[in-house]
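Dear colleague,

Please find below the structure that I am handing over to you. My findings follow directly after it.

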Amino acid sequence: MQKFLAQLDAQITALEQQIKLSDQQPFQEHYFDEQLFNQPKIATNCDYYLEKIKQTYQALCDSVHSNKLEQMTFLSDKLINQMTALTRELATHQLRQNKSDTVFHETLYEKHSRHLDYLRRLQEMKYELELSAESIDHVKIATLDNRIYRCEKAIEAIELEMESAGNTK
């Protein structure tokens, strides 16, 4: 277990270096699931999320020393998910930065279409999870349900905006 903790610590250190080298712009909206990092507010930079990762790592170390197996399992899964999310954010930041110029000038109809595509892909992911022959991961399905709900709300807001724009013409 100590070897596993040492590997996680090394990955956290590498992630910290990657954040220091990146030219991250402050976030304007939630980029991560609020429950993954236990943050109800919009955190504006990666340093906040890195600190949350370090807190989860420390809690994992404490549970290892206390020999609490259930807590170790939960915290190690959470830590890996947090690190994966932040790593993915850093890896795709440059792509999103280049795409932001294009997205900024899109019409309401293009935005609506893009969100419908997001919704379709989320629903496909949920469908594939539900059909998996092995075991159904209720946590992942609940997470996808939450994302689908938020996507549907965003689509409704866009449709209302389209409707009001159509009424003003």
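The protein exposes about 11,700 Å², and carbon and sulfur atoms supply 53% of that area; accessible areas come from the Shrake-Rupley method with a 1.4 Å probe, and for residues only the protein chains shown count as cover. Please note that this is a predicted model, in which local features need pLDDT of at least 70 and side-chain atom pairs count only at pLDDT 80 or more, whereas totals for chains, interfaces and linings use all residues. Residues are numbered from 1 along each chain as its sequence is written, and side-chain values use heavy atoms, with hydrogens and water left out.

Of the 169 residues of the protein, 28% count as buried (buried means under 20% relative accessible area, exposed over 50%, and partly exposed in between, with a 1.4 Å probe and protein chains only). The protein has six helices and zero strands, where helices (H or I, at least four residues) and strands (E, at least two) are DSSP runs numbered from the N terminus. Taking contacts (heavy atoms within 4.5 Å) between residues at least 6 apart in sequence, 63% join residues at least 24 apart.

The largest nonpolar core has 22 residues; such a core is a set of buried Ala, Val, Leu, Ile, Met, Phe, Trp, Tyr and Cys residues joined through side-chain atoms within 4.5 Å. At least two of its residues come from each of α1 (2-21), α2 (34-37), α3 (46-66) and α4 (69-104), and α3 provides the largest share, eight residues. Among the residues with the most contacts inside this core are I12, I53 and M83. Leaving aside residues up to four places away in sequence, M83 touches L8, Q11, I12, L15 and I53. A second, separate core of six residues includes L119, L122, L144 and I148.

In α1, the buried residues are L5, L8, I12, L15 and I19. Viewed down the helix axis, the buried residues of α1 fall within an arc of 80°, so they line one face of the helix; the arc is that of the directions from the helix axis to the C-beta atoms. The face turned away from this buried side carries the exposed residues Q2, K3, K20 and L21.

As for the cysteines, C61 is buried at a relative accessible area of 9%, and C151 also counts as buried, at 8%. The count of disulfides (pairs of cysteine sulfur atoms within 2.5 Å) comes to zero.

With kind regards
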